[in-house]
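Have a look at the structure first, and then we will go through them together.

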Amino acid sequence: MRMFALLSVLGIALQVPVVTAQDGSISGPTSSSSAAGYSCDPSQCQLPNCNCASTSPPGGLSPSDVPQFVVFTADDAIQSYTIDSVNQFLAQRKNPNGCPIKMTYFTSLNYTNYTLVTDWYVAGNEIADHTMTHVGSPPADEINGNIIALNALAGIPLDAIQGFRAPYLNYTAQTLQLLASVDFTYDSSSASSIPVTDPGTDAYWPYTLDNGLANDCLTVEGICKGLPKIPGLWEIPMYAFFDNLGVDGPHLMDPWLDIANGASSVNDTATFEYMKNTFTDHYTGNRQPIGLYTHPIHLSTTYPGVDPSNSTIQMINQYLDWVQMQQDVWIVSNEQLLAWVRNPVPVSELDSFEPLKCPTPQVDPSQKICNGIPQNEAGLLEQCDFPDFPFYTCYGCPQVEVSPSNPNPPQQVPAGQQMRYRLPSNCSTPFWDPIAGSCLCQSSDCAFTDNSRPIGPNGANLTGGGTGGDGFDGSGGTPTPTYINFNGANPVKLWSGSLVGVMSALAVGAFGAATGWVLVNL
């Protein structure tokens, strides 16, 4: 179904003026009640496919019965050093049911290593669309080409790519119409820019655009006051933190890079305090979600030329440690958050809520299959040695680099080998053998095993998290980095890699080091 929708709109380009939001930062309110002019009848707009923009929890639940969701997202290219960056905060953590933390990666394709996309997806994370070449107010071929290339070269099922975030958070009403035309489930480009403690807050729970947008009404033309009406398309606002300046001190993406409280320099202690205070306002109020929206390259300790402060890394981990000490807190992907919003259940029933469980693909570790599981795919990856940025893939190298005008080029076939088979719609990625062109398992009862465990009394997080380090003390000293990378590598080794099988990402990383690149998209 989605492929037909993609084919029908591919190549349509829209050029519409839009107010620029540089690098995902905001400096003040982006909406107001009068600018929104929002109206929605909850008796007519009902879950699971329609939801009014509201500060109250969905499903009529009391805030005390609602989990506090902390969304973790990353933007831009997926490389070994960006995965390392995410891992230093999430690899050692678990949710209250014992499941590893899942996150959403809004993926653009310049400098992306496709095999890491496959591995990250098979590990249970959400892969979402961030355009092919990282352009704001994107035309159709940038959005749709991203889906096609991720399916062809990373084996991400077409229907699994459900979310979108506009680069620079630059979007238009037409951008949202494009998303609906190719069956996206949600957009997450708008800002919640007014504190939840303000009577005029725009911190709405995720809502559908049946009655238009209610966020960004002061900054994006042609939206709000009932526009654009796109039934069934969800908006997941990005919830800002606020420092002591309140509504005049918002911090959205990468808040640790911002100066707090009108000071003259970045202060990790000040950032730590306002992040805790904003979380507490959400937690003790209507429990609207809160998020950490990251560009992980800024915090990479494994890429030459990028030198994040040890104090900042300590501070973020200490914040997450503190968050996980609170009751009924879950760190989730956008996909998991939206699954709960569409079918809200009280915290007492989360034990049986499927989207928060951790189904694990059951594949014999000795089986040689290029499937996104490092021990299975070792030695089977193809290296695509393009001059701009070489990458690895299970699915065969293209003859030319992908582009918006050609997102799925013909496959190059090395002498003496056969063409690799792309993922079909009726097989799950970890069970598809692209070399043999066969599916190991098509039966639901042999595919996945759930590794979740019972939730603690009163929703207590018995599995916790943390990095095992010394915690944040504001001193800026070197932390004790005892988190474990996905592949078990030493986290402070320069080219530790992660998720690779194993030398592939090391070679790609070394190529970047040799060329002196510092690959930073905002």
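A disulfide is a pair of cysteine sulfur atoms within 2.5 Å. This is a predicted model, in which local features need pLDDT of at least 70 and side-chain atom pairs count only at pLDDT 80 or more, while totals for chains, interfaces and linings use all residues. Residues are numbered from 1 along each chain as its sequence is written, and side-chain values use heavy atoms, with hydrogens and water left out.

## Disulfides

| Pair | S to S distance |
|---|---|
| Cys99 and Cys358 | 2.2 Å |
| Cys370 and Cys394 | 2.1 Å |
| Cys427 and Cys439 | 2.0 Å |

To place these pairs, we need helices (H or I, at least four residues) and strands (E, at least two), which are DSSP runs numbered from the N terminus.

Let's start with the disulfide that joins Cys99 to Cys358. The torsion about its S-S bond is about -70°, so this disulfide is left-handed. The pair links distant parts of the chain, 259 residues apart: Cys99 sits in the loop between helix H3 (80-90) and S2, and Cys358 in the loop between H9 and strand S14 (359-361). Cys99 counts as buried because its relative accessibility is 2%, and Cys358 counts as buried at 5%.

Next come Cys370 and Cys394, whose link is left-handed, with -80° about the S-S bond. Cys370 lies in the loop between S14 and helix H10 (374-377), and Cys394 lies in the loop between strand S16 (391-393) and strand S17 (432-433), 24 residues apart. Both Cys370 and Cys394 are buried.

Which hand does the disulfide of Cys427 and Cys439 have, left or right? The torsion about the S-S bond is about 85°, so it is right-handed. Cys427 is in the loop between S16 and S17 and Cys439 is in strand S18 (residues 438-439), so the pair ties together parts that are 12 residues apart in sequence. Cys427 counts as buried at 6% relative accessibility, whereas Cys439 is partly exposed, with a relative accessible area of 22%.

## Helix H9

Now for the helix. Which residues of helix H9 (residues 334-342) are buried? They are Asn334, Gln336, Leu337, Leu338, Trp340 and Val341. What covers these buried residues includes strand S1 (68-76), strand S8 (230-235) and strand S13 (329-332).

Note on methods. Buried means under 20% relative accessible area, exposed over 50%, partly exposed in between (1.4 Å probe, protein chains only). Contact means heavy atoms within 4.5 Å.
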